Amino acid sequence: MTSQTNSSSYSESREEPIKGFDDLSLVSDRIRARLKERDISFFANDNLAECIEEGELKELEKEVSIRIKDLLRSLIIDIDNDHNTRETSDRVARMYINEVFKGRYHKQPKVTSFPNVKQLDEIYTVGPITVRSACSHHFVPIMGNCWIGIKPGSRVIGLSKFSRVADWVFSRPHIQEEAVIILANEIEKLCEPQGLGIIIKADHYCMKLRGVKESQCSMVNSVVRGDFRHDSSLKQEFFELVRQQETALSR
Ligand SMILES: [Zn+2]
């Protein structure tokens, strides 16, 4: 597949046709049109899966790969002769769509919830759950841990499901302040807890790799809902349980 080489025809417009495609049939345009028609937001940390039809992710991989090839050419990398970067565009396209940003393009993993028949109402925490994400501003990694505290409500889900849902939510470009809220919303939808708390502690590579280059700095944030918000002793219990989990780990 050839890439655009005629610089005089270059335009910054997204609509600029690129060689290798019929510009009217770009899969990203078709998906975007569906999203707009259904009035669904497509910010970096949104999930688009319900507007993606079968087979379209393969097409999207190809489109993204061609765009990345153009990016590499603009960075003046000799992708035609450099054996290290010849396949990079394909690798990066697959990585974005199926791995690091899979939480945008793929459906939520199936999570079955069960009625809380024993009416359990003692709080418990799950963690650390690994946070693997990327910052929306620079597309470099955010890596860390997350703890989830639950005071059960009418429904319960298996412990491993928290990790699966967290992985799906974090696998999008994010800012940490919004990631914690999106995760809380998804968990509330799944098991309707009486109380919910989430703490995220993460390293931001946009601070380590670039910018201020602070290697030790991390960010901690949290969200508390329901009884955890209204009952300060319950909130304290949640933070104390997480502290104990962290201490146990560092031994
Ligand atoms: Zn950043």
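Colleague: Which residues are exposed on the other side of helix 6?
Modeller: Glu177 and Lys189 are exposed there. Bear in mind that this is a predicted model.

Colleague: And which residues of helix 6 are buried?
Modeller: Gln176, Ala179, Val180, Leu183, Ala184, Ile187 and Cys191. Looking down the helix axis, those buried residues sit within an arc of 130°, so they line one face of helix 6.

Colleague: How many residues does helix 6 have, and what does it reach from first C-alpha to last?
Modeller: It has 16 residues, 176-191, and reaches 23 Å, close to the expected 22 Å.

Colleague: What follows helix 6?
Modeller: Glu192, with a positive phi near 40°.

Colleague: Switching to strands. How many residues of strand 3 are buried?
Modeller: Nine of its eleven residues, 141-151, so strand 3 is largely enclosed by the rest of the structure.

Colleague: How many bridges join strand 3 to strand 6?
Modeller: Ten, and the two strands run antiparallel. Strand 6 covers residues 195-204. One of the pairs is Ile148 with its bridge partner Ile198 in strand 6.

Colleague: In what sense do strand 2 and strand 3 pair?
Modeller: Antiparallel, over nine bridges, with strand 2 at residues 124-135. Ala134 stands opposite Pro141 of strand 3.

Colleague: What about the hairpin of strand 2 and strand 3, how many residues are between the strands?
Modeller: Five, and Phe139 in that hairpin takes a positive phi near 60°.

Conventions
Residues are numbered from 1 along each chain as its sequence is written. This is a predicted model: local features need pLDDT of at least 70, side-chain atom pairs count only at pLDDT 80 or more; totals for chains, interfaces and linings use all residues. Helices (H or I, at least four residues) and strands (E, at least two) are DSSP runs, numbered from the N terminus. The expected span of a helix is 1.5 Å times one less than its number of residues. A residue is buried if 20 or more other C-beta atoms lie within 10 Å of its own, exposed if 12 or fewer, and partly exposed in between; C-beta atoms are placed from the backbone. The arc is that of the directions from the helix axis to the C-beta atoms. Two strands pair if DSSP finds at least two bridges between them.
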